[in-house]
Amino acid sequence: MRNLTLRQLRAIQAIMRHGTIAGAANELGLTPPAVTLQLKQVEEDAGIILFDRTNEGLKPTAAGLAFVDAGQMIQERLRLLDDEIDAIKGLRVGTLKLGVVSTAKYFAPRMMATFRKDHPDIEIRLAIGNRAETIASLRNHEVDMALMGRPPKDIPLRSTVFGDHPLVMIAAPDHPLAKCRDISKERIAQEQFLVREPGSGTRISLEIFLSELPGRLDDLGTEMSSNETIKQAVMAGLGIAFISAHTIAMELEMGRLVILDVVGMPIRRQWFSVIRTDRTMSPAMKAFQEFLTLKGAQCLPFFDRLYPESAALSYHPPA
């Protein structure tokens, strides 16, 4: 490995992305024979095959994936070195690649704008995805930091709480339960739920909430791909939904949605900033982490009450 070069690592990463020598060569501005030679040299030096030649193209072996991961880490470390040198020079500049789960997109722009007032020369590149996509970005070193509700357990991470995250049940204002109080778990379980994809943070919390009701998880509800779609469907009267309170601030203010008063809710979770433990903290990462600790909670939507004052009727099950 002593003779391994950055150019060879970049070639391996390009082959991984394209699955062909020709595609990698086109990305790198090289000829296909030049890329083939670089791959051959690495495989000979390592004494192991990095890609299997298949009908579908070049597929990385376990060794190939290890080289790709090493290349990503080295590139990230070189980028952090640029930021560190700028910091040593006294320049408060740098870049931060921030990944956020889709629920956090409702407050992430405000958070970025507030941060920029104190750090105008630090550029934040925002990547929004569902829970699985955000975890994959952390695993593949594609983001420096992520904001999410439930940190994964299969990646070495440092997780820091920066705010509360209430999860609530919502309905259209004319729903029969809209003005009821103390709705039981058994009663709410009879409703038609609109839910996110398997593995999403809110869906996991809903499954935990309903898990003690026999058979209720067998057909949880109608699956939808985004919080926006779910909100529109609830407003149209297609069902109720369990969702982050931070995604519905505007709809509550406009009276287009209401929060149902369900016993045991809101379920209070927390927002976390998540960083890999094997990542060196750049000045930009440190600055943003300090900002989250001091001001992160202030950037979250504020609720003076979670239920409308008019919700004064108690729910009583039919005799």
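User: Why is Thr114 called partly exposed?

Analyst: Thr114 has a relative accessible area of 22%. Buried means under 20% and exposed over 50%, with partly exposed in between (1.4 Å probe, protein chains only), so Thr114 counts as partly exposed. This is a predicted model, where local features need pLDDT of at least 70 and side-chain atom pairs count only at pLDDT 80 or more, while totals for chains, interfaces and linings use all residues. Residues are numbered from 1 along each chain as its sequence is written, and side-chain values use heavy atoms, leaving out hydrogens and water.

User: How do you know which residues have the most contacts inside the largest nonpolar core?

Analyst: A nonpolar core is a set of buried Ala, Val, Leu, Ile, Met, Phe, Trp, Tyr and Cys residues joined through side-chain atoms within 4.5 Å. The largest has 35 residues, and Met111, Leu138, Phe162, Phe288 and Leu292 have the most contacts inside it. Helix H11 (283–295) gives the most to this core, six residues.

User: And why is Ile74 partly exposed?

Analyst: Ile74, in helix H4, has 34% relative accessibility, so Ile74 counts as partly exposed too.

Conventions:
Helices (H or I, at least four residues) and strands (E, at least two) are DSSP runs, numbered from the N terminus.
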